[in-house]
Amino acid sequence: MDTDMDTEMDADTTLSPLAVPEERDVESSLRPKRLSEFVGQARVREQLQLVLEGAMRRGSPPDHVLLSGPPGLGKTSLSMIIAAELGSAIRITSGPALERAGDLAAMLSNLLEGDVLFIDEIHRIARPAEEMLYLAMEDFRVDVVVGKGPGATSIPLDIAPFTLVGATTRSGMLTGPLRDRFGFTAHMEFYEPHELEQVLTRSAVILGVDLRPDGAAEIASRSRGTPRIANRLLRRVRDYAEVRANGAVTREVAHSALAVYDVDELGLDRLDRAVLGALVRSFGGGPVGISTLAVAVGEESTTVEEVCEPYLVRAGMLARTPRGRVATAAAWQHLGLRAPGDAPGQATPTLFGE
Ligand SMILES: Nc1ncnc2c1ncn2[C@@H]1O[C@H](COP(=O)(O)OP(=O)(O)O)[C@@H](O)[C@H]1O
Ligand SMILES: [Mg+2]
């Protein structure tokens, strides 16, 4: 088997906003470490700055923070930045890892005052652990149940005041009581191309890539609004620049490289294209329900909903309606097809033409 990641990665992986295990080291070297290095998300940055600074002035841990948004936009990075800005230690776990309440109780009781506890994919936490979290977040207390059956007793245990940072791709799936216990929620948005250019320029310096401004612009425009994808495309393009050119990443080099990796002008990935294709070709453009659409592309509906749909909506390719998902005129055009007259976003014909 070919173990060279650079050649093994196919187009699917190249464009996926999800983290790939082999990338862990390079991702962590590219992670912004402080709020001032964190590109874009100006609103979130400003709000968070105030939350953190206020807390530090009062000398108490800040409110619990919920970071919500699609994969690859910087939630994990931001959680580490929160700890760094506070000068605190961070403990990292995830919703799926907290299957038993006991696992969470152990983590909570090991926290030191002011620690940051990061729970990734917090919407996937099991119910008993979630209920334990309510009391911990509110009163810095856990009730540990000792014994079984009628003899079981619950022992209240104080835990150190801490800050919970939760990350989720699906804030809508959080229960009301859990959501209410976060004092601050940050909604992460897809990045603008000029912000991704900044991300790329920063990464190029760290990786020692000769990235030219026009090359950065070319990569940024195809990165699906997602820093993780931008960084990955930069590495693919660098390979190409070193092997097929003189190492400099110009617009021409980036363009040719991305063609090799089958990245389209909008940066849509295989699943995005499959969803649009099914919507248009099998369902006449919709409306169609999300689960039907997911079956048509052979994916879980959560994946279609969390990973794929947010960007298609943002790119103006897909509309959510009460009756289901509908392809916009732009989606038909992107697939090289003629949009029916009733497709949303259909340009109104003008008398004078273009
Ligand atoms: N605002 C940002 N500025 C610079 N780089 C970023 C930013 N957001 C994300 N990144 C880059 O993208 C990668 C993925 O970010 P991550 O925090 O793991 O996203 P998420 O947890 O939301 O999936 C990081 O390794 C980092 O290099
Ligand atoms: Mg993450």
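Around ligand 1, three helices each supply at least two residues of the shell: α3 (24-30), α5 (75-86) and α11 (227-244). Helices here are DSSP runs of H or I with at least four residues, and strands are runs of E with at least two, numbered from the N terminus. This is a predicted model, in which local features need pLDDT of at least 70 and side-chain atom pairs count only at pLDDT 80 or more, while totals for chains, interfaces and linings use all residues. Residues are numbered from 1 along each chain as its sequence is written, and chains are lettered from A and ligands numbered from 1 in the order in which they are written.

Let's stay with the ligand. The shell around ligand 1 holds 19 residues, the closest being Gly74, Lys75, Thr76, Ser77 and Pro227; a residue is near if its C-beta atom, placed from the backbone, lies within 6 Å. At least three shell residues come from each of domain 1 (41-187) and domain 2 (193-260), with bounds from an automatic or database domain assignment.

Now for the record. An unreviewed UniProt entry annotates a "binding site" that includes Lys75, Thr76, Ser77, Glu138 and Phe140; such annotations may be inferred rather than shown by experiment. The annotated residues are spread over 199 residues of sequence and, in space, up to 36.9 Å between C-alpha atoms.

Two of these deserve a visit. Glu138 sits in helix α7 (residues 127-139) and is exposed because 12 other C-beta atoms lie within 10 Å. Phe140 lies in the loop between α7 and β4 (141-146), and its 17 C-beta neighbours inside 10 Å make Phe140 partly exposed. The cut-offs are 20 or more for buried, 12 or fewer for exposed, and partly exposed in between, with C-beta atoms placed from the backbone.
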